[in-house]
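Dear colleague,

I am handing over the structure below, and my notes on it follow. Please read them with the coordinates open beside you.

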Amino acid sequence: FDKTGTLTIGKPVVVNTKLLKNMVLRELYDYAAAAEVNSEHPLAKAIVEHAKKFHSEENQIWPEARDFLSVTGHGVRAKVNEKNVMVGNKSFMLSSGVDIPIKASEILVEEEDRARTGIIVAMDQEVVGIISVSDPTKPNAHEVISYLKSMNVESIMVTGDNWGTAIAIGKEVGIEKVIAEAKPEQKAEKVRELQV
């Protein structure tokens with residue numbers, strides 16, 4: 001099973017935000033949305049949708065993002081109002097030279113245990129907040145997996161999520177064998193390997 005849209009509803013939503021710097025929540029979302037608005041990723045869309053809640057205008061215009069760069073499965077970076085904004089996962093931050101404070105690491109682990117994805121927002125190489133996104137499991141996913149198990153069919157879940165979140169979702173639906181942090185092109189490769 002590919003997790004998103006199969007075992008989960010496929011409509012990720014923002015469920016929590018932790019600020020690590022003294023700033024207004026709306027400001028964090030304005031910068032994050034400006035960076036993410038050009039991304040097609042479902043998590044990016046969830047952030048942009050949530051950011052709209054801080055504005056009354058129907059068609060919110062975000063600050064202009066220049067030098068936009070998207071790294072598939074990791075995150076985006078852009079220059080917004082003269083700030084270098086990065087929105088993405090831990091490996092994206094580390095490979096870009098952003099230090100992850102201990103408090104941020106603790107929040108990421110807590111969110112993974114809750115089957116949520118923690119997305120880091122950094123400005124000018126400093127972590128300013130973590131946005132937690134959840135894609136709820138489908139109500140009947142656990143029943144389907146139980147039924148397959150009763151027929152001696154082994155279920156395996158493949159996802160681009162990090163290991164912590166993937167294992168938590170696997171537990172929730174009853175799948176023990178999980179392949180996490182798989183990029184889109186790796187998912188098809190994994191299926192081919194398993195077919196042999």
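Which residue in β6 is the bridge partner of Gly118? In this model, which is a predicted one, the partner of Gly118 is Ser132. That pair belongs to the pairing of β5, residues 117–123, with β6, residues 126–134, where the two strands run antiparallel and are joined by 7 bridges.

The sheet as a whole

Taken together, 6 strands form an open sheet with antiparallel pairing, and their order across the sheet is β1-β6-β5-β4-β3-β2. The edge positions are held by β1 (13–19) and β2 (65–71), each of which has a single partner strand, so that one side of each is left without a neighbour in the sheet. On average, and with direction ignored, neighbouring strands of this sheet are turned by 20 degrees against each other.

Moving along that order from β5, the pairing of β4 with β5 is antiparallel and comprises 4 bridges, and within it Val87 has Val121 of β5 as its bridge partner. The strands β3 and β4 are likewise paired in the antiparallel sense, over 6 bridges, with Gly75 bridged to Gly88 in β4. The hairpin made by β3 and β4 has 2 residues between the strands, and in this hairpin Asn81 takes a positive phi near 50 degrees.

Helix α2, residues 25–36, lies across β1, β2, β3 (75–80), β4 (83–88), β5 and β6, and the helix runs at about 125 degrees to β1.

The two domains

The protein is divided into domain 1, which covers 13–134, and domain 2, which covers 140–194. Their C-alpha centres lie 27 Å apart, and the contact between them takes 7 residues from domain 1 and 9 residues from domain 2.

How much area is buried between domain 1 and domain 2, and what percentage of this do carbon and sulfur atoms give? The computed area is about 580 Å², of which carbon and sulfur atoms give 53%. On the domain 1 side, the residues that lose the most area to domain 2 are Glu112, Ala115 and Thr117, which together make up 65% of what that side buries.

As for specific interactions across this interface, the rule finds 0 salt bridges between domain 1 and domain 2, while it finds 1 residue pair in polar contact, with both residues at pLDDT 80 or more.

With kind regards

Definitions and conventions:
Residues numbered from 1 in each chain as written. Predicted model: local features only at pLDDT ≥ 70, side-chain atom pairs only at ≥ 80, totals over all residues. Heavy atoms only, no water. Pairing = 2+ DSSP bridges. Axes fitted to C-alpha atoms, helices over the stretch in contact; angles between N-to-C directions. Contact = heavy atoms within 4.5 Å. Domains from an automatic or database assignment. Buried area = accessible area lost by both parts, 1.4 Å probe. Salt bridge = Lys/Arg side-chain N within 4 Å of Asp/Glu carboxyl O. Polar contact = N/O pair within 3.5 Å; in protein donor to acceptor, adjacent residues only side chain to side chain.
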